[in-house]
Protein chains: 2
Amino acid sequence: MTEPLRLGIAGLGTVGVGIVRIIQKHAALLEQRAGRPVVITGVSARTKTKNRDVDLSDYAWEDDPVTLAQRPDIDVFVEVMGGSEGPAKDATEAAIAAGKDVVSANKALLAIHGQALAESAEAAGRVIRFEAAVAGGIPVVKALTEGLAGNDITRIMGVMNGSCNYILTRMEDAGLSYDAVFEEANQLGYLEADPELDVGGIDAGHKLALLSSIAFGTQVDFDAVELEGIGAVSIDDIRHAADMGFKIKLLGVAQLTGRGLEQRMSPCLVPDSSPLGQLQGGTNMVVLEGDAASQIVLRGPGAGEGPTASAIMGDVMDIARGLRISTFGQPATGLRKARAARAAVPAPYYLRMKLLDKPGALAKIAHALGEAGISIDRMRQYEHGDASAPVLIVTHKTTRTALDEALAAFPATGVVDSTPVAIRIEAV
Amino acid sequence: MTEPLRLGIAGLGTVGVGIVRIIQKHAALLEQRAGRPVVITGVSARTKTKNRDVDLSDYAWEDDPVTLAQRPDIDVFVEVMGGSEGPAKDATEAAIAAGKDVVSANKALLAIHGQALAESAEAAGRVIRFEAAVAGGIPVVKALTEGLAGNDITRIMGVMNGSCNYILTRMEDAGLSYDAVFEEANQLGYLEADPELDVGGIDAGHKLALLSSIAFGTQVDFDAVELEGIGAVSIDDIRHAADMGFKIKLLGVAQLTGRGLEQRMSPCLVPDSSPLGQLQGGTNMVVLEGDAASQIVLRGPGAGEGPTASAIMGDVMDIARGLRISTFGQPATGLRKARAARAAVPAPYYLRMKLLDKPGALAKIAHALGEAGISIDRMRQYEHGDASAPVLIVTHKTTRTALDEALAAFPATGVVDSTPVAIRIEAV
C-alpha cells in the first residue's frame with residue numbers, strides 16, 4: 001500500500017490547526033514512517049474567513065462536516081469539533097456510513113454514543129480511533145488496548161483533567177480558596193465554556209468511561225460513573241491532608257469487583273510521595289494495573305495544540321500503516337453490559353470535623369465509628385481558639401456504606417460542631 | 001483472519017514460563033481481543049526434564065531452537081533465550097529465513113545485529129518486534145514507534161536498568177558503599193551472571209541504542225553509545241548531590257545534534273523533585289520528548305516474569321491483530337547511518353574535589369575553570385577535620401571538552417588534594 005492516506009479534518013480550532021501544521025511540517029517523516037504519504041484533502045469549520053495562521057489553500061473547503069465526511073476523496077474522517085450531539089455526531093455517523101475510518105478527539109461523543117458508533121463502524125468494516133480523547137498527548141489508549149493486551153486489567157486510575165489538577169495544586173501552592181483559583185483559571189482561559197465540564201468531573205468522567213470499556217471488555221457507560229467534582233474541596237482539607245502526608249486529586253478509578261464495575265471520578269487523597277501525589281499543574285497521569293505487567297504509569301500533557309494533535313496523528317499513522325483494531329479493543333458486539341457497583345471496594349477515609357471542646361467528645365466519635373465497624377488508624381486534634389476543636393481522623397479500610405452509617409450517627413453524639421468532610425484515600 | 005496464531009517459544013526460563021502461563025490462563029480473553037486464538041505449538045529449551053511448574057505436554061518439544069524456528073506449524077518465533085550470538089542469533093535468522101515473524105526480548109542481539117536482522121526480515125516480508133527488550137513491562141517501543149509517530153523526536157532519556165537503580169537508591173537509603181550494596185544485590189540474585197552487563201551500563205546501553213534507532217531513524221549503533229557504569233559512584237557523591245537537591249541515576253540520553261547523534265549511558269545528576277529523581281528501586285522510567293507531544297514519561301517494572309511476558313504478549317497480540325510494522329518504525333533500508341557525536345550538548349556539571357586549606361585555593365580553581373570558559377553556578381565548602389576541605393561546585397552549562405581542559409589544569413594549581421569527580425547534570 002503506497003497510495004496516499006487522505007484525511008478530511010472537521011474542526012479548525014487549536015487542535016485542527018495543530019494537525020495541519022504537523023502534516024505540512026513533517027510530510028517526509030510521516031511518509032518514511034508510514035510507507036505512504038499522509039495528506040489532507042479537505043477541511044471543514046464554522047467560519048471560512050477566520051485567520052488561522054496556516055495555509056489551507058490546497059485543501060477543499062466544506063461548510064458542512066457531513067459533506068466533508070462523505071467526500072469520495074477522503075479515507076479518514078478526523079473529528080476535532082467536539083460536542084456529544086449535533087454536527088459532530090451527524091458527521092461521524094455519515095463518515096462511517098460512507099465507508100470512512102474515523103479518528104476522533106471527542107470524548108463526550110464516544111463516552112455517550114461509543115457503543116452504537118463502534119457497532120456501526122464494525123458492521124461497515126471501518127475503525128474508530130480516539131487516542132486524543134483521553135489524556136491528551138499520552139498514548140494511553142494504545143498502551144491499554146495494545147501494549148497490555150496480554151493482561152487481565154485489574155484497575156485503572158487517572159488524573160485526567162488538567163484544569164482541575166491545576167486548580168488543586170495552585171490552591172495548595174498559593175494558599176488560596178477554591179473560588180479564588182477557579183476565578184483565576186477562568187480568566188486565564190483554562191476552563192471550558194461550561195466550567196462544570198471540568199470542575200464537575202464530567203470531562204474526566206468521559207475519559208474514564210472510555211478507558212473502562214477497553215480495560216474490562218464492557219460497553220462504555222458514562223452514566224454509571226460516580227461523579228463528584230472538586231467544588232467542595234477546601235484549602236483547609238488540602239492543608240490538613242498535606243500535614244498527614246497526602247495530596248488531594250480529582251482521581252478516576254475503575255475496577256471490576258464481585259458486585260460489578262466500579263467507576264468513580266471524585267476527589268481522593270493519595271500519598272504525597274506517590275507518582276499521582278507528585279503530579280503538579282495541568283499535567284495528566286494514568287495508572288494501568290494488570291495481572292502480568294503489574295503497574296504502568298504514564299504521564300504527560302493532558303491538552304493543548306501539540307499534544308492533542310500528536311495523539312490524533314498517532315491514530316492516523318496507525319491507519320496509514322494498516323492497523324485495524326476494534327474501537328474498544330475487541331468486537332463491539334461482544335462487549336458486556338456491566339452492572340454498576342457503587343463504592344464496592346473498601347478504602348480508608350480521611351474525616352475532618354469540628355468537635356465541641358467537651359470531655360469525652362472524641363470518645364463519642366470513636367464509639368460512633370466503632371458501632372459502624374470502623375476502626376481508627378490515625379487521629380489529630382489541632383490547637384484552637386474557640387469552643388470547638390478541628391479533628392482529623394484517618395480510618396482503617398471501610399465501605400462507604402459503613403461510613404455513611406457512622407456519619408449519620410454523628411449528630412446524635414451532640415459533640416460535632418460542623419458537617420464532617422469525608423474523602424476517600426485511594427491506595428496507589 | 002480467524003485462524004489461530006501459532007507460537008514457538010524458544011527459552012523456558014522465567015520469561016518463557018511467564019508467556020506460557022498467560023496463554024494458558026487467558027486463552028479466552030486473548031481470543032476475544034485478537035479475534036482469533038493465540039496458541040503455543042512448540043517450545044524449546046536446554047533441558048527438557050527441568051521442573052518448570054507449568055504443563056508443557058500439549059506442545060511439541062525441540063532441543064534445538066533452530067529446528068523450532070523452522071517448524072511449518074508455527075507462525076511466530078518467540079525468542080526469550082538471550083545472548084547476542086550463538087543459538088539465539090542462529091534461531092532468529094532461521095525463523096526469518098523460514099518466513100516466520102519474530103518477537104524477541106533479546107536486547108543484546110538486536111542492539112548488535114538489529115540492522116542486518118531488520119533488513120532480512122523486511123526482505124522476507126516478516127516483522128521483528130521487541131517491546132520486551134526495552135524497559136520490561138513498559139510499552140515504550142510502542143509509544144515511541146506508534147503513539148508518537150507524528151512527532152519529530154527531540155530527546156529520549158531513561159533509567160532502564162533496574163539493578164543499577166536499586167543499587168544507587170539502596171546506597172542512599174542505607175548509607176552503604178557501592179561495594180557493599182553490589183555484594184548484597186549479587187547475593188539477592190538481582191544481577192546478571194556477568195554483573196558488568198548491569199553495572200557497566202551495557203544492558204541499559206543496548207536498550208538506549210534500540211530506542212535511538214526508532215526515535216531518530218538511524219541504524220542501531222550500540223558501539224557509538226558512550227558507556228560509563230556506576231562503579232565509580234561513591235556514597236559521598238550521592239550524599240553531596242542530595243544536599244544540593246539532586247539524585248544520581250544511571251541515565252541514558254540520546255539526541256540528534258548538529259554534530260551527529262549523541263548517545264550516552266552514564267551516571268548523571270537529576271533534580272530530586274523530577275520524575276526521574278523520584279524513581280526508587282528496580283523500577284524503570286523512560287522519557288520521550290517530541291516537538292508536538294512535548295514530554296511523555298512512562299514508568300513501570302523493568303524486569304521480571306510477569307512484566308516481560310506482558311511485553312512479549314503485547315507484540316504477539318499486535319501480530320495476531322494484523323499489525324505489520326517495520327522493526328525500527330520505518331523500512332530498515334532507509335535508516336541513516338548516524339555520525340556519533342560525543343558529549344556535544346552542553347550541560348552543567350557537578351564537581352567534587354578536596355582542596356588544600358591554603359589561602360586563595362578556591363580562587364585558583366575558579367580561575368582554572370574561568371580560563372576554560374566555565375562559570376560557577378553554586379559552590380559549597382564543607383567543614384573538615386584535616387588539612388584539605390571538601391568542595392562542591394555546580395558549574396553553569398559547559399561542554400565536556402571545556403571541562404576536561406579545566407580538569408587538566410587543576411594539578412598545576414597546587415591546591416587540589418584528590419582526583420576531582422565530575423558528573424553531568426541532565427536537564428530533565
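Predicted model: local features only at pLDDT ≥ 70, side-chain atom pairs only at ≥ 80, totals over all residues.
**Entry 1: helix H14 of chain A**

I began with the length of helix H14(A), residues 400–413. At 1.5 Å a residue, its 14 residues should span 20 Å, and I found the end C-alpha atoms 20 Å apart, which agrees.

Next I asked which residues of H14(A) are buried. My list reads A:Ala402, A:Leu403, A:Ala406, A:Leu407, A:Phe410 and A:Thr413. They cover an arc of only 135° around the axis, so they sit on the same side of H14(A). I then turned to the other side of the helix, where A:Thr401, A:Ala408, A:Pro411 and A:Ala412 are exposed.

What covers the buried residues of H14(A)? I noted that the cover includes strand E13 (349–356), helix H13 (361–371) and strand E16 (421–425), which belong to chain A.

**Entry 2: B:Thr308**

I moved to chain B and picked B:Thr308, which I found in helix H12 (residues 305–320). Is B:Thr308 buried or exposed? Its relative accessibility is 9%, and since buried means under 20%, B:Thr308 counts as buried.

I looked at its surroundings too. A polar atom of the B:Thr308 side chain lies 2.8 Å from the backbone oxygen of B:Gly304. Setting aside neighbours within four places in sequence, I saw B:Thr308 in contact with B:Val15, B:Ala132 and B:Ala303.

**Entry 3: where chains A and B meet**

My last stop was the interface. I wrote down 51 residues from chain A and 51 residues from chain B in the contact. Between them the two chains bury about 3,800 Å², with 51% of it on carbon and sulfur atoms. In chain A, the residues that lose the most area to chain B are A:Arg33, A:Arg299 and A:Arg321, together 17% of what that side buries.

How many salt bridges are there between chain A and chain B? The count is 4. I also looked up the salt bridge of A:Lys142 with B:Glu146, where the closest N and O atoms are 2.7 Å apart. For polar contact across the interface, I noted 20 residue pairs.

Then I asked which elements of chain A give two or more residues to the side that touches chain B. They are helix H1 (14–25), helix H2 (27–34), helix H6 (140–147), strand E12 (294–301) and helix H12 (305–320). E12(A) gives the most, with 8 residues.

Technical notes: Residues numbered from 1 in each chain as written. Chains lettered and ligands numbered in written order. Heavy atoms only, no water. Helix = DSSP H or I, 4+ residues; strand = E, 2+ residues; numbered from the N terminus. Expected span 1.5 Å × (residues − 1). Buried < 20%, exposed > 50% of the residue type's maximum accessible area, 1.4 Å probe, protein only. Arc of directions from axis to C-beta. Contact = heavy atoms within 4.5 Å. Polar contact = N/O pair within 3.5 Å; in protein donor to acceptor, adjacent residues only side chain to side chain. Buried area = accessible area lost by both parts, 1.4 Å probe. Salt bridge = Lys/Arg side-chain N within 4 Å of Asp/Glu carboxyl O.
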